Amino acid sequence: MTAGRAARTPVLVAVAHGTRDPAGVRTVHQLLDQVRELRPGLRVRAGFLGHADPGLAETLDDLRGTPVVVPLLLGTGYHVRTDIPAALAAAGFGRAPVARVLGPDPLLATALGDRLREAGWPGTARGGAVVLAAAGSRDPAANAATAEAARLLGVRLGCPVLPSYLGGASPTPAEAVVALRARGHRCTAVAPYLLAPGFFARRAADCGANITCAPLGAHETVARLVLRRYDEACFRAVPLVTPGRSPGRPPRTAAHPR
């Protein structure tokens, strides 16, 4: 990509939850490094919604060019409906495109399947079954999306996968492990439906399963999904945002509806 074209291409602004865990912050940056490797020349910036720097407001304030926001979130919720649009509006980017959240998606199931194998999960050979451990929400739609992610992972693995929630809903991961063992599954594994290490990942590991794999993390398939969401948002926004148009900060308007 030439320097001139790179300057005109919308900036991918990746928005993550944020965590006080340095390993979680490093994981987000490692994932974005993979995104850059997959698409050389694309400008990629990170913005955190809390507990880590740079904050989203700081990222947008320093931005040179037109942003396309990609939430590094696995489900919709308050951040997508309120926090991100408010930050965009405050920075003068109220019309900037906001991509769909990452999940649920078959590519995430692929990444989680790899994480389980890395952790030593034997698959169905020993009567294995999996618990998908999500952060959880009081929003039924968000929890329904987690249930769909569990279904996609079950299709990928060819075994039972129960959704569970670390807060806001039930069953908990520990309850889901007990339920699977009651059904005769001798080897249970927990797959954290989380992007990076942190508080929820530590809780997911403490639920009595035989195996707990790592979160999705800096997996190439997740990086490809980030780019897919960016491309979808660019396509939907034509002619508002296209790679061939000169960058410029849009006038202040109402927040982008999501």
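Reader: Leaving aside neighbours within four places in sequence, which residues is L157 in contact with?
Author: This model is predicted: local features need pLDDT of at least 70, side-chain atom pairs count only at pLDDT 80 or more, and totals for chains, interfaces and linings use all residues. Residues are numbered from 1 along each chain as its sequence is written, and side-chain values use heavy atoms, with hydrogens and water left out. Contact means heavy atoms within 4.5 Å. With that cut-off, the contacts of L157 are G113, L116, R117, W121, T124 and V130.

Reader: Is L157 buried or exposed?
Author: Buried means under 20% relative accessible area, exposed over 50%, and partly exposed in between (1.4 Å probe, protein chains only). L157 has a relative accessible area of 14%, so the residue is buried.

Reader: In which helix is L157, and which strands does that helix lie across?
Author: Helices (H or I, at least four residues) and strands (E, at least two) are DSSP runs, numbered from the N terminus. L157 belongs to helix α6. Residues 140-157 form α6, which runs at about 150° to β5. The strands it lies across are β4, β5 and β6.

Reader: How many bridges pair β4 with β5?
Author: Two strands pair if DSSP finds at least two bridges between them. In β5, V161 is the bridge partner of V130. Strand β4 (residues 128-134) pairs with β5 in the parallel sense, and the number of bridges is five.

Reader: Which strands stand at the edges of the open sheet?
Author: The sheet has four strands in the order β5-β4-β6-β7, with parallel pairing. Two of them have a single partner strand each, so one side of each is left without a neighbour in the sheet. These are β5 (161-165) and β7 (211-212).

Reader: At what angle do the axes of α2 and α9 cross?
Author: Axes are lines fitted to C-alpha atoms, for helices over the stretch in contact, and angles run from 0 to 180 degrees between N-to-C directions. The axes of α2 (residues 22-38) and α9 (residues 220-237) come within 9 Å. Their crossing angle is roughly 70°.

Reader: Which residues of α9 make the contact with α2?
Author: Angles of 65 to 115 degrees count as roughly perpendicular, under 35 as roughly parallel, over 145 as roughly antiparallel and the rest as oblique. The two helices, α2 and α9, are therefore roughly perpendicular. On α2, the contact is made by L31, Q34, V35 and L38. On α9, it is made by E220, V222, A223, R224, V226 and L227.
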